[in-house]
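Subject: Structure for you to look at

Hello,

Here is the structure I promised to pass on. Please open it alongside this message, and my notes will follow below.

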Amino acid sequence: MEFFLPFLGNLCYIIIMRIIAKSTLREFWEKSAYADSEQQLKAWYDEVKKAEWKTFNDVKKDFPNASIVGNGRIVFNIKGNYYRLIAKFEFRLDKVFIRFIGTHKQYDKINAWEV
């Protein structure tokens, strides 16, 4: 998402990475079994929201332990790799789609390429 804002007579160009949807994260951490993920998921959300990434390499600079699995997807380790988050990136649209959040054991049962 791009905005042009007047700032002291000049134009200020702001890029905001849109994450779809924070409610997916909230619904996950509100479950009592996953309540310990709340702070780490909020930190991930805040970091991604302010990011100005245009490529997968840009993401890897900020999250070196993230795994690029193809098909536009990146796997993030949450809470010391106890949880896994899969996000699909559309860099040209400045959008991130949350495709999966779960324990490492749950992650092992899915196909990260397809979710």
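Predicted model: local features only at pLDDT ≥ 70, side-chain atom pairs only at ≥ 80, totals over all residues.

Five strands form an open sheet in the order β3-β7-β6-β5-β4, and the pairing is mixed. At its edges are β3 (18–20) and β4 (67–70), each of which pairs on one side only. From one strand to the next, the twist averages 30°.

The hairpin has four residues between the strands, and Lys79 adopts a positive phi near 55°.

Strands β6 (residues 83–90) and β7 (residues 95–103) are joined by eight bridges, also in the antiparallel sense. The hairpin of β6 and β7 has four residues between the strands, with Asp94 at a positive phi near 55°. Strand β6 is largely enclosed by the rest of the structure, because six of its eight residues are buried.

**The helices**

Helix α1 (residues 22–29) packs on the sheet and touches β3, β6 and β7, with its direction at about 15° to that of β7. The axes of α1 and α2 come within 10 Å and cross at roughly 170°. With the cut-off for roughly antiparallel at over 145 degrees, α1 and α2 therefore count as roughly antiparallel to each other. On the α1 side of the contact are Lys22, Leu25, Phe28 and Trp29, which meet Glu38, Leu41, Lys42, Trp44 and Tyr45 in α2.

**The cores**

The largest nonpolar core has 26 residues, and those with the most contacts inside it are Trp44, Trp53, Phe76, Leu85 and Phe89. At least two residues of this core come from each of α1, α2 (38–49), β5 (73–78), β6 and β7. A second, separate core has six residues, among them Val75, Ile86, Tyr107 and Val115.

Beyond its neighbours within four places in sequence, Leu85 is in contact with Leu25, Leu41, Trp44, Ile74, Val75, Phe76, Ile78, Phe100 and Ile101.

**Two single residues**

Is Thr103 buried or exposed? This residue of strand β7 has a relative accessible area of 12%, so Thr103 is buried, given a cut-off of under 20%. Leaving out residues up to four places away in sequence, Thr103 touches Tyr34, Tyr82 and Tyr83.

Asn111 lies in the segment after α4 (104–107). Its relative accessibility is 36%, so Asn111 counts as partly exposed. A polar atom of the Asn111 side chain lies 2.9 Å from the backbone nitrogen of Trp113. Asn111 and Val69 are 42 residues apart in sequence, while their C-alpha atoms are 9.9 Å apart in space.

Happy browsing, and best wishes

Key. Residues numbered from 1 in each chain as written. Heavy atoms only, no water. Buried < 20%, exposed > 50% of the residue type's maximum accessible area, 1.4 Å probe, protein only. Polar contact = N/O pair within 3.5 Å; in protein donor to acceptor, adjacent residues only side chain to side chain. Pairing = 2+ DSSP bridges. Axes fitted to C-alpha atoms, helices over the stretch in contact; angles between N-to-C directions. Contact = heavy atoms within 4.5 Å. Core = buried A, V, L, I, M, F, W, Y, C linked by side-chain atoms within 4.5 Å. Parallel < 35°, antiparallel > 145°, perpendicular 65-115°, else oblique.
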